[in-house]
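Work through the exercises below with the sequence and the 3D view open beside you, and try each task before reading its solution.

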Amino acid sequence: MSDLLTIENLKTYFFKKKKVIPAVDGVDLKIKKGETIALVGESGCGKSLTSLSIMRLVPKPGGEIVEGKVNLDGVDLTKLTENEMCKVRGRDVSMIFQEPMTSLNPVLTIGEQLIEVIINHQKVSRPKAREKSIELLKIVGFSRAEEIMKDFPHRLSGGMRQRVMIAIALSCNPKLLIADEPTTALDVTIQAQILELMKGLTKEFDTSILLITHDLGVVSELAERVVVMYGGQVVEEAPIDSILNNPYHPYTDGLIQSVPSLTGEIKELHTIKGNVPSPDQFPKGCRFAPRCHKAFDRCFNEHPDLKAISDSCSVRCFLYEDKQEEEEYNV
Amino acid sequence: MITYIIRRCLLTIPVLVGISMVSFGIVQLAPGEPTALFIDPEISAEDREAYLEHYGLNDPIPVQYVKWMGQILQGNLGYSLINQGMTVQEMILARLPNTLLLMIVSAIIAFAIAIPIGVYSATKPYTLKDYTFTTFSFLGVATPNFWIGLLAVTFLSVQFGWFPTGGVATLNEPFSIFDRLHHLILPAVVLGTSDMASLTRYSRTSMLDVLDQDYIRTARAKGFKQGKVVYKHGLRNGLIPVITMTGLMLPNFIGGSVIIEKVFNWPGIGLLFIDATFQRDYPLIMGLVMVSALLVVVGNLLADILYAIFDPRIEY
Ligand SMILES: Nc1ncnc2c1ncn2[C@@H]1O[C@H](COP(=O)(O)OP(=O)(O)OP(=O)(O)O)[C@@H](O)[C@H]1O
Ligand code: SF4
Ligand SMILES: [Mg+2]
């Protein structure tokens with residue numbers, strides 16, 4: 001499988017009143033065609049901002065991509081003009097957001113919100129776009145699709161609105177679907193339905209997914225590989241099995257420990273001490289050091305790099321760096 | 001929708017009745033007797049008594065009110081005390097078109113200028129242009145319209161002679177659209193200035209709020225260009241609170257037209273109002289109050305209906 005999306009050293013900063021906030025600070029990420037990747041990490045670690053950077057929708061004024069490449073199918077999105085980027089959004093890359101209640105325009109009908117995006121990207125007549133919209137609504141599970149077309153968003157429940165968002169996102173067969181916590185705002189049974197739907201659809205449409213979440217249950221349900229972020233950087237990247245059963249980075253370990261259902265046993269719930277440092281006051285050494293129970297001297301003075309420790313796993317931690325150097329030495 | 005409109009119309013009836021009572025009451029309280037102006041002071045007490053009796057001025061006040069209302073409902077606002085032989089409705093109807101013209105043109109100018117500026121400021125907030133517009137709108141809100149009107153007449157009309165000093169048309173000239181517009185433009189702009197300024201503020205604030213909403217981010221994620229995002233997805237939402245404000249601004253507008261008509265000698269109901277007040281022409285005053293109230297009520301009604309059309313979340 002070839003790579004669909006390659007992010008290299010992406011840095012997205014906020015510039016506020018002479019203060020520089022390095023919210024995304026050197027993220028590397030690869031997504032293969034048809035693959036589902038989960039991006040996990042605590043609140044504020046830069047997950048949403050990474051995805052908005054891919055879309056070039058970083059909040060303005062203040063937010064800016066300062067460095068890095070975002071290659072989609074060989075095209076560096078950071079180099080495109082705004083007009084060229086408009087052709088990519090919604091067609092090649094589309095997005096589902098966390099808040100289904102507010103993500104749809106309250107004054108436009110569901111039908112209009114579907115039709116407009118189809119017409120925007122495809123050379124089809126309005127009636128054709130209408131037909132296609134009805135079809136899409138049926139695919140995402142509305143049996144009375146014709147009636148839903150005429151409805152306004154406030155008439156639909158959260159789960160229904162998220163289905164509409166999925167229909168909109170998939171309407172132009174995107175290569176990449178970014179789902180930013182798509183089920184967080186929904187109740188548990190609806191969550192399962194939406195995940196099921198996304199799983200089936202991406203198979204059908206052969207779309208890659210970048211799934212952002214802090215729910216590891218959702219991750220194990222959908223994703224093949226997991227990228228763990230901390231403090232604006234990737235700290236570990238590994239296949240889902242490796243992450244769940246053999247996490248390398250102490251932060252990933254803490255994250256897994258804090259989910260009761262995954263470890264199987266009923267034991268005292270583990271939490272990671274302390275809070276995520278805010279991006280304008282990261283510590284000098286390893287960003288996790290103040291909270292890490294394995295931290296040693298070096299961690300407080302030097303900043304570790306993200307290093308591959310096997311074919312499929314990379315980790316940003318000094319604990320493994322030595323090991324790797326030893327191995328290299330031994331060979 | 002239809003039932004909503006009907007219900008909303010019916011709701012205006014008690015409002016109008018209330019206004020009629022208040023305006024009737026206020027005129028009763030005003031000092032100065034209605035007879036003082038047109039009864040010969042020399043006539044005998046009996047003749048005067050007969051006169052009062054004849055015009056129903058001796059009836060108890062509630063009876064007078066009911067009689068008056070009864071006549072109004074038949075479309076009869078009574079006779080002017082000053083211009084003998086003229087009915088109140090004749091006098092008002094002769095002036096009303098001028099006032100409506102002034103107000104409508106003024107509102108169109110205010111909207112046409114304020115909303116694009118407000119939207120523009122909201123898309124480029126905290127820039128030099130935004131601050132400039134903000135400063136001007138605060139000045140516009142803070143400066144009384146009549147003062148701007150006086151300045152406009154002094155400089156633009158008298159000093160530079162660019163505009164006529166007043167009236168609706170040049171006297172003794174055949175009707176010409178150009179001439180009418182030439183007379184109309186200054187009072188219309190001046191009447192609209194403070195509302196234009198506050199409309200700019202409202203539409204800026206409202207659009208700024210809207211452009212920060214999640215559905216705007218969705219629209220951008222769909223690949224729409226800035227213009228379509230702002231005008232298709234933003235503006236309709238941003239205008240909803242502005243419509244409500246418009247309904248509330250209307251009384252302001254009518255009050256303002258009284259003064260502006262005086263400044264520009266514009267023969268509308270505002271000028272008539274001033275004359276009627278100074279001459280204690282009670283039937284005319286009451287008629288004018290009722291007509292103004294009706295304008296306000298109808299304006300609010302229209303704003304409410306527009307609101308319901310614009311915002312599908314309103315449940316009827
Ligand atoms: N508009 C903004 N202005 C300034 N800083 C911002 C802005 N938006 C985000 N940030 C900063 O970027 C950091 C990352 O934010 P982001 O939304 O990507 O977090 P997240 O990982 O998606 O968190 P969550 O799980 O809560 O959604 C935040 O800690 C915040 O400090
Ligand atoms: S580098 Fe040190 S502080 Fe950072 S995660 Fe590894 S052990 Fe902990
Ligand atoms: Mg987020």
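Predicted model: local features only at pLDDT ≥ 70, side-chain atom pairs only at ≥ 80, totals over all residues.

**Exercise 1.** Find the domains of chain B, and describe the contact between domain 1 of chain B and domain 2 of chain B.

*Solution.* Begin with the domain assignment, which gives chain B a domain 1 covering 2-73 and a domain 2 covering 96-310. The centres of these two domains, taken over C-alpha atoms, are separated by 33 Å. Next, look at who takes part in the contact: domain 1 of chain B contributes 20 residues, and domain 2 of chain B contributes 15 residues. Finally, turn to the area, since the size of an interface is often given as the accessible area lost when the parts come together. Between them, domain 1 and domain 2 of chain B bury about 1500 Å², with 82% of it on carbon and sulfur atoms. Within the area that domain 1 of chain B buries against domain 2 of chain B, 31% is supplied by B:Arg8, B:Leu16 and B:Val27, which is more than any other three residues supply.

**Exercise 2.** Which residues form the salt bridge between domain 1 and domain 2 of chain B, and which helix gives the most to the side of domain 1 that touches domain 2?

*Solution.* The count between the two domains of chain B is one salt bridge. B:Arg8 pairs with B:Asp304, and their closest N and O atoms lie 2.4 Å apart. Now consider the helices on the side of domain 1 of chain B that touches domain 2 of chain B: helix H1 (2-29) and helix H3 (61-73) of chain B each supply at least two residues. H1(B) gives the most, with twelve residues. Sorted by class, that side of domain 1 has 14 nonpolar, four polar and two charged residues.

**Exercise 3.** Explain why the salt bridge of A:Glu112 with B:Lys232 joins two chains, and decide whether each of the two residues is buried, partly exposed or exposed.

*Solution.* First check the distance: the closest N and O atoms of A:Glu112 and B:Lys232 are 2.5 Å apart. Then place the residues, because A:Glu112 lies in helix H4 (residues 110-121) of chain A and B:Lys232 in helix H9 (residues 226-263) of chain B, so the pair joins two chains. A:Glu112 has 16% relative accessibility and therefore counts as buried, since buried means under 20%. B:Lys232, at 23% relative accessibility, counts as partly exposed.

Note on methods:
Residues numbered from 1 in each chain as written. Chains lettered and ligands numbered in written order. Heavy atoms only, no water. Domains from an automatic or database assignment. Contact = heavy atoms within 4.5 Å. Buried area = accessible area lost by both parts, 1.4 Å probe. Salt bridge = Lys/Arg side-chain N within 4 Å of Asp/Glu carboxyl O. Helix = DSSP H or I, 4+ residues; strand = E, 2+ residues; numbered from the N terminus. Nonpolar A, V, L, I, M, F, W, Y, C, P; charged D, E, K, R; others polar. Buried < 20%, exposed > 50% of the residue type's maximum accessible area, 1.4 Å probe, protein only.
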